[in-house]
Amino acid sequence: MEQTDIILQCRQLTRLYRQGEHTVRAVDNCNLTLRRGSITAIMGRSGSGKSTLLHLLAGMEAPSAGEISIGGQDILRMSEGERSAFRCLALGFVFQRFHLLPVLTAEENILMPALISGRPASMTYLDELCDQLRLSDRRRHFPAQLSGGQQQRVAIARAMINRPQILFADEPTGSLDRASTEELLTLLHSSVKRFGQTLLLVTHDPQVADIADTVYEMDDGILRHLRGQISA
């Protein structure tokens, strides 16, 4: 793999917690490389460390040791302010709980990251996202007027509006029924491929992991390759 194909790389990433007299290795010496345009899934049971790893990679939590590079930039050398600005412009986030602002319409929720970053959103791109995610007729609706699946699609559009280098998804289908999960996975896969995103998701659901090019498993803080191309 050429260096220009690499969008994210971490080396010997470790996160330790003190729990009484014991030290818990929530993330234990993890190495991971993501290719541009790829979809990677990290599977694992609750408490395995997968969400902690996601938060570390996104610069939302500080590691105890290790290195993290995104787009060739060492995010651990950034100040907290620089890291926050970098997250806003270069990274997108989709979580199990949608975190939509109830007083804003779907369109206003989608545009929020652009307002925060101070970088005007392309209305053409907004139209494309809403069309791809089947939200065009829901843009003026408030979250309470939307179904769970529609709210999650708004959250995905919001995560993508700044054209992030990487889209992080933490149990993105956990609040949805099976039919909505299948629909969302199809939309998520087609959207990230169409718009050239790199997607890293964590899940306990094998159906969700099936959309990934590469799948890893996390257990007791240790990351192991399961299937697909190993990005190294």
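Trainee: Which hand does the crossing of H5 and H6 have?

Mentor: The crossing of H5 and H6 is right-handed. Helices (H or I, at least four residues) and strands (E, at least two) are DSSP runs, numbered from the N terminus. This is a predicted model: local features need pLDDT of at least 70, side-chain atom pairs count only at pLDDT 80 or more, and totals for chains, interfaces and linings use all residues. Residues are numbered from 1 along each chain as its sequence is written, and side-chain values use heavy atoms, with hydrogens and water left out.

Trainee: At what angle do H5 and H6 cross?

Mentor: Roughly 15 degrees, and the axes of H5 (residues 148-160) and H6 (residues 178-194) come within 11 Å. Axes are lines fitted to C-alpha atoms, for helices over the stretch in contact, and angles run from 0 to 180 degrees between N-to-C directions. H5 and H6 are therefore roughly parallel to each other, a label for angles under 35 degrees.

Trainee: Which residues meet there?

Mentor: Gln152, Arg153, Ile156 and Met160 on the H5 side. From H6 come Glu183, Leu184, Leu187, Leu188, Ser191 and Val192. Contact means heavy atoms within 4.5 Å. By class, the contact of H5 with H6 has six nonpolar, two polar and two charged residues. Ala, Val, Leu, Ile, Met, Phe, Trp, Tyr, Cys and Pro count as nonpolar, Asp, Glu, Lys and Arg as charged, and the others, Gly among them, as polar.

Trainee: And how far apart are the axes of H3 and H5?

Mentor: 7 Å, with H3 (residues 106-117) packing on H5 at about 30 degrees. Ala106, Asn109, Ile110 and Pro113 of H3 touch Val154, Ala157 and Arg158 of H5.

Trainee: New topic. Is Arg15 buried or exposed?

Mentor: Arg15 has 18% relative accessibility, so Arg15 counts as buried. The cut-offs are under 20% relative accessible area for buried, over 50% for exposed and partly exposed in between (1.4 Å probe, protein chains only). Arg15 sits in strand E1 (residues 6-19).

Trainee: What does the Arg15 side chain pair with?

Mentor: The Glu61 side chain, through a polar contact of 3.1 Å. Such a contact is a pair of N or O atoms within 3.5 Å; within protein, one must be able to donate a hydrogen and the other to accept it, and residues adjacent in sequence count only if both atoms are side-chain atoms.

Trainee: Last one: how many residues of H1 are buried?

Mentor: Six of the eight, so H1 (residues 50-57) is largely enclosed by the rest of the structure. Among them are Lys50 and Thr52.

Note on methods. Parallel < 35°, antiparallel > 145°, perpendicular 65-115°, else oblique. Left-handed = near helix turned anticlockwise from the far one by under 90°.
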